Amino acid sequence: MIESNTIFIGEKPFINYVTGVIMQFTAKNAEEVAIKARGKYIWRAVDVAEVSSKRFLVGLIAVKDIKINSE
């Protein structure tokens, strides 16, 4: 089951994911948003988290945890 506060990173433009994160916090009042990626998109997930927290939602959100593991 996929939680509604999860953003999966893929091939879409970078700003689409940043907008998704911002919408989760502002429109849906999410307390926490999980950003997930696999393989070559992991760098983009990190960038989305950093841009969201340091450019758009400054002081409102912070990166809580980074987990890297395999299945």
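Buried means under 20% relative accessible area, exposed over 50%, and partly exposed in between, with a 1.4 Å probe and protein chains only. The model is predicted, and local features need pLDDT of at least 70, side-chain atom pairs count only at pLDDT 80 or more, while totals for chains, interfaces and linings use all residues. Residues are numbered from 1 along each chain as its sequence is written, and side-chain values use heavy atoms, with hydrogens and water left out.

Two salt bridges are found in a search of the whole structure; the term stands for a side-chain nitrogen of Lys or Arg within 4 Å of a carboxyl oxygen of Asp or Glu.

| Salt bridge | N to O distance |
|---|---|
| Lys 64 and Glu 32 | 2.9 Å |
| Lys 54 and Glu 50 | 3.1 Å |

Lys 64 lies in the segment after α2 and Glu 32 in the loop between α1 (14-26) and β2 (34-36), so this pair ties together parts 32 residues apart in sequence. Helices (H or I, at least four residues) and strands (E, at least two) are DSSP runs, numbered from the N terminus. Lys 64 is exposed at 69% relative accessible area, and Glu 32 is partly exposed at 42%.

Lys 54 and Glu 50 are both in helix α2, four residues apart, about one turn of the helix. Lys 54 counts as exposed at 58% relative accessibility; Glu 50, at 28%, counts as partly exposed.

Ile 66 is also found in the segment after α2 (42-56) and, at 59% relative accessibility, counts as exposed.
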